[in-house]
Amino acid sequence: MTRFFLLLLLLPVSTFAQSPDSCQLRLSGHLLDEHDDSPLDLATFYLVEAGVGTTSDSLGAFEIPDLCPGWHTIQYSHIGCEPGEVKIFLQKDTTILLLLEHHVKWLQSVTVRARRMEAAPVQNKTDLSGWELDQLRGASLAQSIASVAGVRMLQTGPGVAKPVIHGLHGTRIAIYNNGIRQEGQEWGVDHAPEIDPFTADRIRVIKGAAALQYGIGAIGGVVLSEPDPLPESPGLKGEAMLIGQNNGKQGTLATKWQGGWKKLDGFGWRLQGSLHRGGDWKAPRYELTNTGSAQGAASIGLGYQKGRISASAYYSFFQSEWAVLRSAHIGNVADFLEAIHRDTPLYVLPFSYTINAPRQWTQHHLVKAEAVFRPEKAGIWTLVYGFQQNARQEFDIRRAGRTAKPALDMDLGTHEGTLTWKPLHDGSTWHTTVGISFQYQQNRNVAGTGVRPLIPWFNSTTAGIFGIARYAKPLWEIETGIRMDARQLLIKRFDSQDHLLTEKLPFQGLSASIGASLHPNHIWTANVQAGTTFRPPHVSELYSEGLHHAVASIEQGDPTLQSEKALKGVAGLEFHPHKRLNIQLEGYYTYIRDFIYLEPGPEPLLTIRGVFPVFQYTQTDALLWGVDADAHWEMWRRFSLDLRASLLRSRDIRQDTYLLFMPADRAEASLRYALQTNKKVSDAHLSAGLVRTGRQTRAPEGIDLLPPPEGYTLLQASASCRLLLGKQAVSFFLNATNLLNTSYRDYLNRLRYYADEPGRNIELRVKLDF
């Protein structure tokens, strides 16, 4: 692992092959002020895929030569303006006109809308969009971003995953769905975000320390799942995608339609929906009995913009049901001890689509309303309201015909609102944002389960105020911010004598950050950030009491837990020594006082519902530090090489040992070949790669039920192309994972005690644009 990482750092930078003959296209244009059409000089332009950039002259003109045909993402910014981003497809020399703040027009009078970039340039961020995101369509949010250096997955069996950023997960990661912070029962390691993967046209991962605008507790990072802006002109567009997988015999169908209205200029709408069905997954040597899933989702968006006012409304519905590995629920101590030491699970049955207990069912509704007002010389005012309703039921294997009755039945309602103001700084290098936020949550345990609730009834009220200022010069910029939040929990629970208790718990804290970015030319960019924040303990960490079905464990809270206080520093370097080579390095250091985690108990507990391991919430002081590296090299002719590595180290300071359940070292290498294209065929590629995950040798001894599993190496391959069939564009994506059908277990899978990971999986995606 270490050798692979050093090889990435020593990647040669002095010898490169010549560009293929087709890479001779030229992109040029002008950047003008949206209000008065004045030219914007010294603006920066960066093409993500090509890894090249330039600046505009005194007339706002720019030019980038020697580009290859295909999709290109242009990121552009200017002092005192909101940065912008737009994707274009190059087939010939092209000239465009860009208007900041966020209008883009082709000179040939074709109009598109550029996406405003909400993250400041000083932040360490990675975007997935366009063709790259299409290759991952249908995968969960965690699976989609797992290819980003420093990001891993915390799994509960093969179908449930949540993101891990720099070793942190759960409520330490802020996940935003179309501008609204996702609020479900995210405290559970088995509670994946209830987000339809087909709603996002871009997924952004922010790993830095400067994330004040994203609310309380985002110690690990932020994930933004964002749709494209709504259309504002008449016309109808749509797309459909069909996905099939051999492992689990799974199928997915998704479609999206959008357009405008001739009678109302500036009005746009979008409809989207998806369906998924899958059966039992299969490990290389046996079926993973009871791991099927079903999912359905739909959304609608409406928007209107005229002059200085814009307004939009959005609604999404998500429902899913998935089975929990049958072998994880065991009836007696002897069988439990045998199960965790067996090579094969206790229960192996023929393939089935049936979802039996133990199983989970969730339903999530999200409503968003947003209004933006741009009064003359009074800045930009944005008001956002969101409401979410999350229902969760978990079903256990129960006696006397009660299996159909949920053992856990919770309903969570969340109201939130945010008001931000961005004052105008005409001719200034300052850019500021001031905002206030409010959130009210109400969690209810639905009666009739016949079981003491895992977490109690509670209300949560949170209010915050923040301010962010950025000072930008042509070659460098600096950003600083401060935020204050207060939260009060009102909790109603039963004690051991079944007496009803009411408790109020107040929490408050201050967060602050500072960051700087240096970009003297298009060859290299450096940034550094430092921030401090806090995270109040979740109700689950304070008062969990009982069996958590999906992870097949008993969890016990601690009402004396204190808020986590974190200090994080991040430094990054992006290096472009040649237009064919891009290297990114990032180092981070995180100190968390009163770090909350689940510690395994010494022995399993026998209950009337079976035998389960016991986990206790506790606190320590923690250190996490590591390095992420990413390199892309256009080697020669049509070959390119991608290298990626992540190293993480952690320490339990109080116990002077390692932290539990931290990601092992990981390295990836992928070789891609671009096929010859023509008017009928484009974006044709073949690729093959290796993923090496090491054994976690830095885990505390004698605490976990089993030592960390051995490391493993997986072979994967993919092929993709876009065909023009008459006037119909059809895209094909073929992906194969674990091609050698390797048997292995992953340290971050909570069900690794009972079964192997899934074996070979081949996916075919077909996308139609119309």
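**Domains and side-chain contacts**

The domain assignment of the protein chain, whose bounds come from an automatic or database assignment, gives domain 1 (7–103) and domain 2 (131–261 + 280–316 + 344–769). Their C-alpha centres, those of domain 1 and domain 2, lie 31 Å apart.

Please note that this is a predicted model, in which local features need pLDDT of at least 70, side-chain atom pairs count only at pLDDT 80 or more, and totals for chains, interfaces and linings use all residues. Residues are numbered from 1 along each chain as its sequence is written, and side-chain values use heavy atoms, with hydrogens and water left out.

I turn to the aromatic rings. Rings of Phe, Tyr and Trp (its six-membered ring) pair if their centres lie within 6.5 Å; planes under 30 degrees apart count as stacked, over 60 as edge-to-face and the rest as tilted. By this rule there are 15 aromatic pairs. One of them, Phe45 with Phe62, is stacked, at 4.0 Å centre to centre and 20° between the planes. This pair links distant parts of the chain, 17 residues apart: Phe45 belongs to strand S2 (residues 44–47) and Phe62 to strand S4 (residues 61–67), strands being DSSP runs of E with at least two residues, numbered from the N terminus. Both Phe45 and Phe62 are buried, where buried means under 20% relative accessible area, exposed over 50% and partly exposed in between (1.4 Å probe, protein chains only).

Why is the pair of Trp636 and Phe639 tilted? The ring centres of Trp636 and Phe639 are 5.5 Å apart and their planes stand at 40°, so the pair counts as tilted. Trp636 is partly exposed, with a relative accessible area of 42%; Phe639 is also partly exposed, at 26%. Elsewhere, Trp430, Tyr471 and Trp476 form one aromatic cluster.

Charges also sit over rings (NZ of Lys or CZ of Arg within 6 Å of the ring centre and within 35 degrees of the ring normal). The charged end of Arg326 sits over the ring of Tyr347, 4.0 Å from its centre, and Arg750 lies over the face of Phe615, 4.6 Å from the ring centre.

Next, the cysteines. With a disulfide taken as a pair of cysteine sulfur atoms within 2.5 Å, the count is 0. For Cys721, the closest cysteine sulfur is in Cys68, 18 Å away, which is too far for a bond. Cys721 is buried, with a relative accessible area of 19%.

Methods. Helix = DSSP H or I, 4+ residues; strand = E, 2+ residues; numbered from the N terminus.
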